[in-house]
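Keep the selection tool at hand.

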Amino acid sequence: MGSSMCSVDHANDLLVITCASGKQASALLPDLAKQWQRLRLVCHSPASEKRLKEEYPEAEVIRTDLGLPKEPERILKDATAIYHVEPPFAHRQAVMGFNMIDAAKKVAKEGTFKHFVYASVLNTQLRK
């Protein structure tokens, strides 16, 4: 591996996961929680917040509206990486994605942010 590769410190780096109670994250979280010591799980509803806090008591759980312009920067504070899932069928979904990318670029210049995984399942609901 070249020296330009960014390494991950699972004990100290902070991984943010958006739509943490959704299908994608629910499938990933059991394994990620075993590897990462620091998780920030982002959800939208009070029910999701409650469930995530019960299932992952060591994780930081944030309930928010990703449609609010300042929220991406807040949830990326002190993070090293994000697994960003867009809320399906969300109003202003594209704007949410651009806001998250812009916030990640800003946080990367100011801090420890290194990795952005953008997961989209837009239109997978459409079937013949």
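This is a predicted model: local features need pLDDT of at least 70, side-chain atom pairs count only at pLDDT 80 or more; totals for chains, interfaces and linings use all residues.

**Stop 1: strand 2.** Select residues 38–43, which form strand 2. Is this strand mostly covered or uncovered? Mostly covered: five of its six residues are buried.

**Stop 2: strand 1.** Now follow the chain between the two strands. From strand 1 the path runs through helix 1, residues 23–35, to strand 2. This β-α-β crossover is right-handed.

**Stop 3: strand 3.** Select residues 60–63 for strand 3. Strand 3 also pairs with strand 2 in the parallel sense, with four bridges between them. Which residue of strand 3 stands opposite Leu41? Val61 does. Color helix 2, residues 46–55. Together with strands 2 and 3, helix 2 makes a right-handed β-α-β unit.

**Stop 4: Cys19.** Move to the loop between strand 1 and helix 1, where Cys19 is found. Check its backbone: phi is near 50 degrees, a positive value in a residue other than glycine. Cys19 counts as buried because its relative accessible area is 19%, and the cut-off is under 20%.

**Stop 5: Asp78.** Go on to the loop between helix 3 (71–76) and strand 4 (81–85) and pick Asp78. Here too phi is positive, about 70 degrees, and Asp78 is not a glycine. Is Asp78 buried, partly exposed or exposed? Its relative accessibility is 48%, so Asp78 counts as partly exposed.

Terms used:
Residues are numbered from 1 along each chain as its sequence is written. Side-chain values use heavy atoms; hydrogens and water are left out. Buried means under 20% relative accessible area, exposed over 50%, partly exposed in between (1.4 Å probe, protein chains only). A crossover is right-handed if, with the strands pointing away from the viewer, the path from the first strand over the helix to the second runs clockwise. Two strands pair if DSSP finds at least two bridges between them.
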